[in-house]
Structure formats: C-alpha cells, structure tokens
Amino acid sequence: MEKELEILVEELEKELQNCQKEADLLNVKSSFIGKKSKISQILGSLKEMSVEDKRKYGSIINNTKKKMEEMITNYAENLENQNEVVFDDSVIYDTQIGSLHPVTIVAKEVTECMKKMGFTVVSGPEMETEYYNFEALNIPKDHPARDMQDTYYLDNGMLLRTQTSGNQIHAMEKYGAPLKVCSPGRVFRNEDLDANHENTFFQVEGMVIDKDISIENLLYTMKQILTEVMKCEVNLRLRPGFFPFTEPSYEIDMECTICKGNGCPTCKNSGWIEIVPGGMVHPNVLKAGGINPEEYNGFAFGLGLTRLAMMKYKISDIRILNGGDIRYLKQFNIK
Ligand code: DAH
C-alpha cells in the first residue's frame, strides 16, 4: 500500500511538471484527486478494511491525499506567477496596430476580475446538443422557455448554442463540486436585426457550487464585477425573475451610472438598468451535472457582455459591434 501511494505522488509530481496552463492543471487535479481518482478509490476501500487495517492505513492514505492537494495548490500558485506577462519596453510598437474590440475589452475586464475572486475560466462548444443547451438546464421539450430563445437548428441534429448556460453542465460533469467557474462566449439567436437585437452576441456565465451559498454571494460577486467594468461604485437591486434553471430566479438591476439614478433616456427615466439575470441553481440542474443537491447548492448568472459593452461605451446601436467597420471600432482607441 505504501509503495502504491508513493508511486501516485511521484506520478503527480511528473504530471505537474508538464502543466503549462490552468486548464492542464484542472485536468490533472480531476484525474489525481477527483471523485473517480485512484486516491479516492483507495479512500473508499477503507470502508471494507478490517479495523486493524483501517488503523494502519487510514492516516497514511489521508495524509497522502492532503499532500497531493497541497502539491496541486502550490503548483497553481507557481503557475500564476509564471504566467504574469512581462512587457519589454525596449520594443517600439507601430502605432497603427489597431485596437481591441469593445466586447473583448469588457470580456477581459470581467474575466480578470472573476479570476481574482478565484473563478476558473472554462469554455464550451458553440455547436451544442439540445441536451446541454436545454434539457439538462431543466428546459424539457415543449417548455415555453424554448420559444423565447429562437434557436438555429442545424442539419446534423445539433444547434448553435443560444446561451452560455450549457457550460454550467459541462463544468459540473468535468470538475464536480465545489466549483467556481466562469465561461465567456458567443451565442446565437434567430432574431431580426435592429438597434437592440443581434443574432450573434456575447455572454459570460458564472457559477459557484459549494455548501451554504446564498443570494448574498451572488450580489457581492456582481457588485465587484460591475464596479471593475464601470470604474465607479455601483448600486444593485434584486427583482424576482423566472428561469427554469434557477429557483428562486432574479433580475439584478444596476443603478444608472449616467444619471446616478435620477432618470435619463438611457435608463428610460427609471433610474435603473436591467443588467444581469441569475439565481440559485435549480436542484434538477445540479442533478444533471452529477452533483447531489442535498449536499451542495449554488448560484449562477448570465451576464450580457455585448450589452455591458454598449452601456460602458454608450453605443446606441448593437449592429455596429458586429458590423466590422474599423473606423467605428478605432474610436475606442484602446490597445
Ligand atoms: N441563459 C439566460 C439567457 O441567456 C441567462 C441566465 C439567467 C443565465 C439565469 C443564468 C441564470 O445562469 O441563472 O437568457
């Protein structure tokens, strides 16, 4: 047994050396200390051991798991430091290199802020199955919520994802609980285009699963993110909403940063702007992700990045963002 444990630690050491980025590390973490890992199986086998063996091996096994967890945490810190970008001042850049797209800027600000709060950035496919886009999110066939998201169905039986929420399920299946992930991405809806509607836009999904999570945690997280993006103190309020994948569901409004709540054309004189829907993850969604709702709970939200970019940069027509007119985008002049 001791030998077997030693080999596990050695193998982990080797695999860690090969991790270049956060995603590699998450995979190593899941295969070495996750639910289906060797060490978890060995721990599980303790139950069947005699009292004498339990006494003999219990602490060795537990200490080995602890050690492996520590190795992974230490490596994660290491990786973070290594990945810090060092700029080389000696290179003189051409001033005509262009600028970042407003949605890219906002997406970066949101994910950077979330990373600082301990979220891991994950991604998922744009071409998705009905199961991940709808069913696993508690939206069965014939549910009215499907009509609200006009879907592009593909000839191969799949669809273009209408929301990033399906990545909640991918993440739960892959990493289990506890979980703290965000997932920015492009989504598609069969909409007629006008100043407020596009068929292609961007969202970021956020999800936290742990024990004793409350809506307060969601509000705090949103406040941090929006403060970072809007570069000013933001006030939020909750209104009841409805989404099949959260219960209870909310609409979170942000006090209008332009008129400071006094009322202006941007907030249609209400002083508030609907900014992000979210809520407590529905038990059926946890179950679909393989997580026991009796043991864990969590919050989720889906922040509209395109909308946020429009608000931040006061862009009144959404079509400009996908229009590809470089003269317009250059006005932002942000590198
Ligand atoms: N996916 C929803 C949409 O696109 C937004 C959303 C609502 C995401 C509530 C969530 C949530 O995670 O909890 O309309």
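Guide: Let's start with the second largest cavity, which is lined by Val103, Glu198, Thr200, Phe201, Phe202, Thr306, Ile318, Leu321 and Asn322. A cavity here is a set of points on a 1 Å grid, over the protein atoms alone, where a 1.4 Å probe fits but cannot get out, and lining residues have an atom within 4 Å of a point. This is a predicted model, where local features need pLDDT of at least 70 and side-chain atom pairs count only at pLDDT 80 or more, while totals for chains, interfaces and linings use all residues. Residues are numbered from 1 along each chain as its sequence is written, and side-chain values use heavy atoms, with hydrogens and water left out.

The second largest cavity holds about 40 Å³ of space, a volume being the space filled by probe spheres set on the grid points, which are joined across faces, edges and corners. Strand 5 gives the most to its lining, with 3 residues, and helix 12 (319-323) also supplies at least two. Helices (H or I, at least four residues) and strands (E, at least two) are DSSP runs, numbered from the N terminus. By class, this lining has 5 nonpolar, 3 polar and 1 charged residues; Ala, Val, Leu, Ile, Met, Phe, Trp, Tyr, Cys and Pro count as nonpolar, Asp, Glu, Lys and Arg as charged, and the others, Gly among them, as polar.

In total, the structure has 2 cavities of 30 Å³ or more. The largest cavity has about 50 Å³ of space, and its lining is made up of Val122, Asn167, Gln168, Ala171, Val181, Cys182, Ser183, Glu205, Gly206 and Met207. Helix 8 (166-175), strand 4 (179-188) and strand 5 (200-210) each give two or more of those residues. The largest cavity's lining splits into 5 nonpolar, 4 polar and 1 charged.Elsewhere, helix 1 (residues 2-17) packs against helix 3 (residues 38-45) at about 155°, with their axes 11 Å apart; axes are lines fitted to C-alpha atoms, for helices over the stretch in contact, and angles run from 0 to 180 degrees between N-to-C directions. Glu4, Leu5 and Leu8 of helix 1 meet Lys38, Ile39 and Ile42 of helix 3, contact meaning heavy atoms within 4.5 Å.

Note on methods:
1 Å grid on protein atoms, 1.4 Å probe; cavity = no way out; pocket = protein on both sides within 12 Å on 5 of 7 lines; lining within 4 Å.
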